[in-house]
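Open the structure in your viewer and keep the selection tool handy. We will go from stop to stop, and at each one you will learn what to pick and what is there.

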Amino acid sequence: MKNTALTQVHESLGAKMVPFAGYNMPVSYEGVNMEHETVRKALGVFDVSHMGEFLIKGPKALELIQKVSSNDASKLTIGKAQYSYLPNETGGIVDDLIIYQIKEDTYLLVVNASNIDKDWAHISNYNETIGAEMRNISEDYSLLAIQGPKAVEAMQSLSSHNLANIKFYNFIVGDFAGIEHVIISATGYTGSGGFEIYCKNTEVEQVWNKVLEAGSSYGIKPIGLAARDTLRLEMGYCLYGNDIDDTTSPLEAGLGWVTKFTKDFVNSEALAKEKARGAERKLVAFELDERGIPRQGYDIVDGQGKKIGVVTSGTMSPSLTKGIGLGYVPKIFSELGSKINIQVRKNALPATVVKLPFYKS
């Protein structure tokens with residue numbers, strides 16, 4: 001089990017620690033509902049240093065990224081970030097990721113913790129004929145997510161840069177919490193605004209302490225992975241391993257918006273044919289019409305009790321106080337307002353297909 005640079009800090013704060021993606025991670029401090037509400041109404045700080053970071057550099061860097069990723073990275077400029085995914089050769093998804101353009105020929109790829117080795121092997125395989133410079137810096141860097149509507153105001157004292165000027169999916173490299181050359185990125189996984197801070201492992205404890213100090217009068221709290229999951233699900237953000245994986249079609253998963261057929265990329269020809277045919281099933285969002293909690297792996301059934309799909313993510317929404325979830329169903333059940341049923345133990349609970357996000361600020 002790997003530790004982040006802040007593991008001892010979390011333990012000293014009384015965090016409940018669990019194994020996650022090979023790391024010893026804080027799942028909660030005070031309880032998921034309280035932590036969830038803190039992020040929605042004020043701000044919280046997450047240690048997400050288990051995420052992976054790859055540097056792709058040199059004159060061939062863009063060529064490699066264009067080959068392995070679905071989105072059009074040529075549209076990036078220095079200071080901009082882009083959501084994308086790595087398609088595999090069989091119609092599924094190796095991983096989803098964020099791509100940052102740091103310099104003219106330098107890109108940072110941020111990947112999921114559970115997929116670091118798999119992603120590195122996949123990209124390296126295609127780089128054999130391209131020849132970009134690749135560095136896996138995952139073990140050297142930490143990542144903090146400072147999320148919530150008060151994040152900009154609370155964190156401004158920690159930087160000489162105007163944080164309010166960093167637009168969504170943009171970033172700067174600047175001073176933060178007494179450290180120079182920190183990536184301050186207006187990205188996140190909660191839907192409540194804020195920043196993600198990339199710094200070296202040797203610097204992160206100082207950053208963490210100063211973030212908590214600066215945010216203390218704004219109600220900041222450390223937040224665990226359980227609330228991170230309920231926050232992202234209320235926005236309908238996919239979680240790799242639940243909603244998308246090596247076997248799921250990115251087009252069925254609703255990732256057509258980051259699938260750019262204006263370029264050649266891994267499996268692009270087959271995906272273009274799939275798009276032309278039309279998806280046979282779709283990842284839909286649903287709300288339960290009655291009290292209950294849908295969980296990952298529960299069957300989705302039609303009015304006659306016949307299985308038509310499976311719940312990929314589900315929870316009791318702390319913001320909406322109702323059961324919400326995502327799941328794949330045949331296209332005929334995917335229209336907004338469609339009625340489906342979630343098999344919760346012996347009961348088939350009625351649910352309605354709804355538009356994302358579940359939570360609207």
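This is a predicted model: local features need pLDDT of at least 70, side-chain atom pairs count only at pLDDT 80 or more; totals for chains, interfaces and linings use all residues.

**Stop 1: helix α2**

Please select residues 32–41, which form helix α2. Colour Glu35, His36, Thr38, Val39 and Arg40, as these are the buried residues of the helix. What covers the buried residues of α2? Show strands β2 (23–28), β3 (44–47), β9 (141–147) and β13 (221–222) together with helix α7 (225–235), for the cover includes each of these.

**Stop 2: Gln101**

Next, move to strand β6, residues 93–103, and pick out Gln101. Is Gln101 buried or exposed? Its relative accessible area is 5%, below the 20% cut-off, so Gln101 counts as buried. Now show the side chain of Gln101 and look at its polar atoms: one lies 3.4 Å from the backbone nitrogen of Thr77. The backbone oxygen of Lys103 also has a polar atom of the Gln101 side chain at 3.2 Å.

**Stop 3: the cores**

In soluble globular proteins, nonpolar side chains tend to be buried together. Here the largest nonpolar core has 40 residues. Start with Phe46, Tyr100, Leu108, Ile244 and Leu255, the residues with the most contacts inside this core. Then display β5 (81–87), β6, β7 (106–111), β9, α7, β14 (281–288) and β17 (323–330), the elements that give two or more residues to this core. Strand β6 provides the largest share of the core, 4 residues.

Zoom in on Ile244: beyond its neighbours within four places in sequence, Ile244 is in contact with Ile93, Asp96, Cys238, Leu239, Ala253, Leu255 and Tyr328. Apart from this core lies another, of 29 residues; Leu6, Ile179, Phe195 and Val204 are among them.

**Stop 4**

Finally, turn to the second largest pocket, with a volume of about 500 Å³. Of its 20 lining residues, select Leu55, Ile102, Tyr141, His181 and Ile183, the closest to the pocket centre. Which element gives the most to the lining of the second largest pocket? Strand β11 does, with 4 residues. The elements that give two or more residues to this lining are β4 (52–57), β6, β7, β11 (179–185) and β12 (194–200).

Notes:
Residues are numbered from 1 along each chain as its sequence is written. Side-chain values use heavy atoms; hydrogens and water are left out. Buried means under 20% relative accessible area, exposed over 50%, partly exposed in between (1.4 Å probe, protein chains only). Contact means heavy atoms within 4.5 Å. A polar contact is a pair of N or O atoms within 3.5 Å; within protein, one must be able to donate a hydrogen and the other to accept it, and residues adjacent in sequence count only if both atoms are side-chain atoms. A nonpolar core is a set of buried Ala, Val, Leu, Ile, Met, Phe, Trp, Tyr and Cys residues joined through side-chain atoms within 4.5 Å. On a 1 Å grid over the protein atoms alone, a cavity is a set of points where a 1.4 Å probe fits but cannot get out, and a pocket is an open set with protein on both sides within 12 Å along at least five of seven lines; lining residues have an atom within 4 Å of a point. Grid points are joined across faces, edges and corners, and a volume is the space filled by probe spheres set on the points.
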